[in-house]
Amino acid sequence: LAAACASVPPRPVLPRVNVARERITRIDVGLRPYRRSGFRVEREAFGDKALVHNYGHGGGGITLSWGSSKLAVDLAYNASVQEYAILGCGVMALSTARLLQERGARVRLYARELSADTTSHVAGGQWWPASVYRTDSVDSVFVDQLVTAMQFSFERFQTMLGDAYGVGWEPNYFLAQYPINGWPTDPHGPLERFVVNKRDLSPREHPFDAPYVRVFDTMMIETPHYIATLEAEVRAASAEIVARDFATPEDVAALPETVVINCLGVGAGALFGDKELEPMRGQLVVLPPQPEITYNVLAEGLYMFGRRDGIVLGGTFQRGQWAREEDPEATTRILEGHARIFGGMVDGAGM
Ligand SMILES: Cc1cc2nc3c(=O)[nH]c(=O)nc-3n(C[C@H](O)[C@H](O)[C@H](O)COP(=O)(O)OP(=O)(O)OC[C@H]3O[C@@H](n4cnc5c(N)ncnc54)[C@H](O)[C@@H]3O)c2cc1C
């Protein structure tokens, strides 16, 4: 037995997340702007103005921000128009603003919440379009739009890698009790090209208590730092940001700009009558940073993102829920689930 043991390499070790209620630094809640048929990028006439929609990105708005905003700017930009109104101050509005500024345009952003109070600011920040649409509710036109947006975003975020923006690469371990098919996407489908370094691990190749484990790498965006940096850049390029609550479409019609880009996230539904748009509430439990945790875990409807600015624990996807307050039951479920996952990791010493 001793000889057999000596020839078997120990299971790899990963540092454990220290999950404990007394370590909670904050609870974040955000409302993903979800449309089952996917995000909307479309231009329409709006009185004497042009209105370009750029909203409804569900759980993938950070991921899609540059690409979707590029599609919107392509529809909105006209060399003869100098000034543009952008509704919102989340990731979609800020990315749209930067892309317009890069074309030499002036922008004014109007929003009820400034960037630090938006859903974008609390997003987990994994570069992957999770919970963006239902596969049975989209057509090939949408899938083409999605792939085009992803490609542009994928490239743009790679120019932002490093501390300045808080963007880096991390492995994502997906733990399952059953053989894994089609995760994170259909291997023969159009999104597979964005799946980097995918491999299946045998039980001897990982420390988790799960029979099936698949890992792939994604970029991670430290959203609070990233969003603040983007807002500072937009302001430095002389954008004006106006605190403003729009109650009716007439409020928008009264703006001085002739081209308006709607980046209102979940707020777009009530203002412009989109009944398909609904909130998909997400609650996060944030723990202090553990610099040694440089990986993510997804399991049992839960996820842990090992970000440098804190350990982010999540796993709520509540459609139709508008509450911005903490749900204590969700906090308990998230804590207990992650305690189970990290408590079950082997320490690498045994065979
Ligand atoms: C828990 C959680 C985890 C997530 N994790 C990820 C992830 O890992 N990766 C990823 O890609 N995405 C993730 N997302 C999704 C992402 O956060 C959203 O898709 C994205 O933030 C949407 O950005 P937005 O700019 O469209 O909307 P928001 O950030 O919500 O901004 C909307 C803006 O519009 C303004 N507004 C709305 N209505 C009005 C009105 N009537 N008048 C004036 N202003 C108004 C708001 O004040 C705000 O400024 C996550 C979301 C949640 C909640």
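Of the 36 residues around the ligand, those that come nearest are Gly-58, Thr-63, Glu-113, Ser-120 and Gln-126, a residue being near if one of its heavy atoms lies within 4 Å. The model is a predicted one, in which local features need pLDDT of at least 70 and side-chain atom pairs count only at pLDDT 80 or more, while totals for chains, interfaces and linings use all residues. Residues are numbered from 1 along each chain as its sequence is written, and side-chain values use heavy atoms, with hydrogens and water left out.

At least two residues of the ligand shell are supplied by each of S1, helix H2 (61-76), helix H3 (91-102), helix H4 (119-122), S11 and S13. Helices (H or I, at least four residues) and strands (E, at least two) are DSSP runs, numbered from the N terminus. A polar side-chain atom of Thr-63 lies 2.7 Å from a ligand oxygen atom. The protein covers 96% of the 1000 Å² of accessible area that the ligand has on its own, areas being computed by the Shrake-Rupley method with a 1.4 Å probe.

The whole structure contains 0 disulfides, defined as pairs of cysteine sulfur atoms within 2.5 Å. For Cys-89, the nearest cysteine sulfur is that of Cys-263, 10 Å away. Cys-89 is buried, with a relative accessible area of 2%, and Cys-263 is buried at 6%; buried means under 20% relative accessible area, exposed over 50%, and partly exposed in between (1.4 Å probe, protein chains only).

Helix H9 (residues 328-343) has 16 residues, which at 1.5 Å a residue should span 22 Å, in agreement with the 22 Å between its end C-alpha atoms; the expected span is 1.5 Å times one less than the number of residues. Among the buried residues of H9 are Ala-330, Ile-334, His-338 and Ile-341. The cover over the buried residues of H9 includes strand S1 (26-34), strand S6 (167-176) and strand S11 (278-287). At the start of H9, a side-chain oxygen of Asp-327 reaches to within 3.0 Å of the backbone nitrogen of Glu-329.

Arg-40 lies in strand S2 (residues 40-46) and is buried, with a relative accessible area of 14%. Its side chain makes a polar contact with that of Glu-42 (3.2 Å); such a contact is a pair of N or O atoms within 3.5 Å, where within protein one must be able to donate a hydrogen and the other to accept it, and residues adjacent in sequence count only if both atoms are side-chain atoms.

Key:
Contact means heavy atoms within 4.5 Å.
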